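Please keep the viewer open as you read.

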Amino acid sequence: MSCSSNSPNSGGCGGGGCGSGSGGHEHGMDRRSFLRTSSVAVAGVAALAASLAPLRDLTDVGTAEQFFQKHYKKLTPEDMEKVLARITREVEKQYEVRPHVRDYKAMDGVEFVYALNLTRCIGCRKCVHACVAENNQSRNPEIQYIRVLKMPHGSMDPEKGDHNYTSELVPEKGSFYMPVQCQQCVNPPCVKVCPVKATWQESDGITVIDYDWCIGCRYCEAACPYFARRFNFTKPSIPKDQINPNMSYLGNRPRPQGVVEKCHFCIQRTRAGKYPACMEVCPTGARKFGNILDPDSEVSHILKTKRVFIQLKEEVGTSPRFFYYFDV
Amino acid sequence: MKAERKTPLVLSILTISFLILAATFLTDIWGKSAQLPEIPPVDPSFTKTATARVSAEELYRTKGDTSMLECYGCHEQGKELTLKFDEDHNVILPDEHDDIIMAHGTHNRNNNCFNCHDEHNLEVLQTRDGRTVKIQDGHDLCGSCHGPTYRDWLAGIHGRTSGFWNVSMGEKHRETCTACHDPHQPKFLPRKPAPGPNPLRPVEVKHSEGKAH
């Protein structure tokens, strides 16, 4: 009833002029105020859009499929097949190489151990670059899993090491060389600090990372006493002709931007029974790798018969599976 | 009433601030982030797994060119060879063998071809205890002097290994002594190292304590 009594009034107002704000027509809007409001709104939205211009540079957003993917340990074999197919597709699209992506599982009765002979290492850094080539690390910016420390004779203090040495020829007199990479600790601090369980230790001793689960908080990088972990600040850049197509999910498949990576003992090789790339390229045979649970393996023999000097920084209680030793 | 007046004010302030922000982005008032320096690609030789040398064992195994191991292509069979020495007791090598550098052992103590080569049959080797060793089995000869190294080599912990650690899945390949060591000059020569991590800025010269001076 009240509505009908008001209607003549509101009709009169529609002609214009009552937009000055006075009067009881709270929901009415005249042309001028409509134009003003809408033009301001359009300008505001346009300004907002323009101010978000830096987002144009955002690449590598990832697909919904990847976003909704479950944690590695919760993937069923069928899920894993789909995931591997997706990775194959993505790699093929980006690098024009058909990769062979697999999810290698840990073998029973195997625990990997690395032994490095400090008497033999000459500091040639071949291992560093063989690792980069094998594991599809970014070339620019550089990501390298191995750092070769040049150390003065008479000290085992890694603080005295220099990894930027630019010697013409190696080895130099008065120095020895100590390559450092992920030590695959029995008691890994990086695993403890991960807030999302994106990194964990497998039964064969390899600490792995699910790159699709990592949130890039870099806590693990800070927790590692060996400077073993690397963060992808940018999307990794790898020349198309240098992609290693033999890939594994937890290993050397191309990483997205914003995740952490590290040495995984060449999971795509070692879980297929082969030696890691850094070991095969070593010109002096300073690097030895094998299954510590096999009493006849090379590493068992070294730990039994050689002067094994350290687990690096053994006082921090990480108990590495990477041993440094000397001949004689 | 008050709220009604505030809304357009807030909206205009927001719009203006967005416009300023957009203008700064579009004109790059802060400049673009610094471009990364170009990192030259690494010489592919640094990632090659080939050994330093090709051993006689490998030549015979891969049926390569073994003509340089056929001594009697040049030497006369049955003719006795005499070594010549200079006044410092260094063996004088004939021009045909000038590719050889005699540097096995310190203080010239191993300065005689026939410490290892058999003077009666140049195509085989001889150990000091009188055994004859085929040229492709050189490790037996090396082991007759270098006991601890030979022991380690037999155990798989001296020298290079490649292939499969798990022999049930594939073959493990061991290198022999002369795949890495030149028998006439066994010590490794210093070599050029691969480039280190790119420092992304000019390198300060750091004098490490270990430098020998």
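A:Arg253 and A:Asp212 form a salt bridge at 3.5 Å, N to O; the term stands for a side-chain nitrogen of Lys or Arg within 4 Å of a carboxyl oxygen of Asp or Glu. This pair links distant parts of the chain, 41 residues apart: A:Arg253 sits in the loop between strand E8 (246-248) and strand E9 (260-261) of chain A, and A:Asp212 in the loop between E6 and helix H7 (219-223) of chain A. Helices (H or I, at least four residues) and strands (E, at least two) are DSSP runs, numbered from the N terminus. A:Arg253 is buried at 3% relative accessibility, and A:Asp212 is buried at 15%. Here buried means under 20% relative accessible area, exposed over 50%, and partly exposed in between (1.4 Å probe, protein chains only). Through shared partners, salt bridges join A:Arg86, A:Glu90, A:Asp210, A:Asp212 and A:Arg253 into one network.

The model is predicted: local features need pLDDT of at least 70, side-chain atom pairs count only at pLDDT 80 or more, and totals for chains, interfaces and linings use all residues. Side-chain values use heavy atoms, without hydrogens and water, residues are numbered from 1 along each chain as its sequence is written, and chains are lettered from A and ligands numbered from 1 in the order in which they are written.

## Another pair in chain A

A:Lys150 meets A:Glu172 in a salt bridge at 2.6 Å, N to O. A:Lys150 lies in strand E3 (residues 147-152) and A:Glu172 in the loop between E3 and strand E4 (175-180) of chain A, so the pair ties together parts 22 residues apart in sequence. A:Lys150 is buried at 4%, while A:Glu172 is partly exposed at 23%.

## Cysteines without disulfides

Over all chains there are zero disulfides, meaning pairs of cysteine sulfur atoms within 2.5 Å. A:Cys182 is buried, with 7% relative accessible area.

## Where the chains meet

The contact (heavy atoms within 4.5 Å) takes 49 residues from chain B and 65 residues from chain A. By the salt-bridge rule, two cross this interface. A:Lys306 pairs with B:Asp152 in a salt bridge, with the closest N and O atoms 2.5 Å apart.
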